[in-house]
Amino acid sequence: MQIYKKLNMKIIKYISFALLLLALSGCKKYLDKAPLDSINTSNFYQTSDDAISAINAAYQPLQRPKLYNIRMWTSDIYAGNSITGGGGGTDGIETIEEANFTTDPTNAGVLDLWRGPWPGILYCNLVIQNVPNINMDTTLRNRIIGEAKFLRANYYFILVRFFGDVPLITKPTSPSDLFPARTPVAQVYQQIISDLKDAINLLPPRETYSGSDIGRASKGAAVGTLAKVYVTLGDYTDALPLCQEVTSLGYTLNANYADNFNPANKNGIEALFEIQYSGSTTYGFFDDQNQASWTSPYMGPRNTSFVGGAYGWNQPTQEFVASYEPGDLRKDMTILYQGCPDFDGNVYQSSYSSTGYNVRKFLVPTSVSPQYNTSPENFPVLRYADVLLMQAESMNELGQTSLALAPINLVRERAGLPDIPAGTSQGNLRTLILHERRMELAFEGQRWFDLMRINNGQYGIDFLHSIGKTNVTAKNLLMPIPQIDLQANPNLTQNPGY
């Protein structure tokens, strides 16, 4: 069932809880619930199994194409690391418009980003309101509430960075609340921070999870995400101890950079939080409930046998490739170029891409994923390398430039690069840290947010101008509010310039 296809803010208010269970629990015991066309909590939120089913539902929107299965990673395209690629013509036209900064409020990709988080927010609100009333194991109850607060913070973190002011909804809504107004950014961030602080206190360390629970939100995920929120806000004083706490929780770098993107190494020692995919083909590939990752089939060189699918999206630019330092081991693990090491016995030709390059780091061999709809690869939301670079940035901005060399050099050493020497100035190190973030986190959906947060977005405007995107202005620091939802909700307002 595609419950959320063509979903808008108004429809969200009417989603029935019974339909939520039917679509997302997958358990036969819920198929007999009635009525299916109205909210019914009388038969639910009675047991710990109900609570687990409800929190499982809250994770699922992260997996959808509206968020991490395509829209989040395509932000690297309009951040200038790559071009859309694909089949040409109108294929990916919404992403081409975003990359050309000709986006308007009717853009389909923007609509996905706007609508994608709201089902997850609803599910989290239902958990936070109802699970405390269940007679169940206290430790499990606390964990589930902590997961819901962590997830709600993440959904809002996506919205506020792309759109600025957004409606702040912290309780399940009713038909009397059809038309929420936008809430100021500062207040949204206050809620995000509050939720993450609660999650830190409620969530267990990752080591407590086993079996099918591996990959759930953990204390380390909440600590690292809160650090990222503070770095986004320029609050380095609060960010620094959180980065250091992540290290104390036992996270470390994989010895091999490529292990971060190997389906056999999911939720590994470097992973703070990943979007989980099983590769299951139970649901249709384009359905919201699809459990197969889109990164490998979408990024594989078009019309080749490199991977199942091979649609040729997300082609790295020459400017990005030229930004690698000589000897950077990440280059051969991140991109395909003529003369690069073979991929699973396949020799790459520059003619496979209009730029001469394709993304390699997310490709899954056909021995693991033989078809377009079978990739089990997780998507990395937060890695320890990211935390180390946030730690270096925080130290440098707080005047601890000499101390900041240690964490960034850990990342560089794994990449086979020489240490940044002692005596590097604060200004030069600032530039080097942002460069390191670009290369380390390439195509993971992080670059756009780095461009937009530094110097109130002027860093991003200047960079985009330098690579030829000269039509970028301050209005492009935020996406437009979709026109269809502006028309449905008279209390919504448009971002400036659109």
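1. A word on conventions. Residue numbers start from 1 along each chain as its sequence is written, and side-chain values rest on heavy atoms, with hydrogens and water left out. Because the model is predicted, local features need pLDDT of at least 70 and side-chain atom pairs count only at pLDDT 80 or more, while totals for chains, interfaces and linings use all residues. Helices (H or I, at least four residues) and strands (E, at least two) are DSSP runs, numbered from the N terminus.

2. Let me begin with H7 and H8. The axes of helix H7 (residues 117–130) and helix H8 (residues 138–163) cross at roughly 155° and come within 9 Å. Here axes are lines fitted to C-alpha atoms, for helices over the stretch in contact, and angles run from 0 to 180 degrees between N-to-C directions. H7 and H8 are therefore roughly antiparallel to each other (angles over 145 degrees count as roughly antiparallel, under 35 as roughly parallel, 65 to 115 as roughly perpendicular and the rest as oblique). Their crossing is left-handed, a term used if the near helix is turned anticlockwise from the far one by less than a right angle.

3. On the H7 side, the residues that meet H8 include Trp-118, Ile-121 and Ile-128, and their partners in H8 include Ile-144, Leu-151 and Tyr-155 (contact means heavy atoms within 4.5 Å). By class, this contact of H7 with H8 has 13 nonpolar, two polar and two charged residues. In this scheme Ala, Val, Leu, Ile, Met, Phe, Trp, Tyr, Cys and Pro count as nonpolar, Asp, Glu, Lys and Arg as charged, and the others, Gly among them, as polar.

4. What about H15 and H17? Helix H15 (residues 384–397) packs against helix H17 (residues 426–440) at an angle of about 165°, and their axes are 10 Å apart. H15 and H17 are therefore roughly antiparallel to each other, and the crossing is left-handed. The contact residues of H15 with H17 divide into six nonpolar, two polar and seven charged. Among them are Asp-386, Glu-393 and Glu-397 in H15, and Arg-430, Glu-436 and Arg-437 in H17.

5. Thr-401 sits in helix H16 (residues 401–414) and is buried, at 14% relative accessible area (buried means under 20%, exposed over 50%, partly exposed in between, with a 1.4 Å probe and protein chains only). Not counting residues up to four places away in sequence, Thr-401 touches Met-395, Asn-396, Thr-424, Ser-425, Gln-426 and Leu-429.

6. Helix H10 (residues 219–232) has 14 residues and reaches 20 Å from first C-alpha to last, close to the 20 Å expected (1.5 Å times one less than the number of residues). Since 14 of the 14 residues of H10 are buried, H10 is largely enclosed by the rest of the structure. Just after H10, Gly-234 takes a positive phi of about 75°.

7. Which residues other than glycine have a positive phi? One is Tyr-45, with phi near 55°, in the loop between helix H2 (17–24) and helix H3 (48–59); Tyr-45 is buried at 8% relative accessible area. Another is Asp-344, at about 50°, in the loop between strand S4 (335–336) and strand S5 (358–359). Asp-344 counts as partly exposed, at 43% relative accessibility.

8. Finally, Tyr-348 is also in the loop between S4 and S5, yet counts as buried at 3% relative accessibility. Leaving aside neighbours within four places in sequence, its contacts include Pro-301, Phe-306, Leu-336 and Tyr-357.
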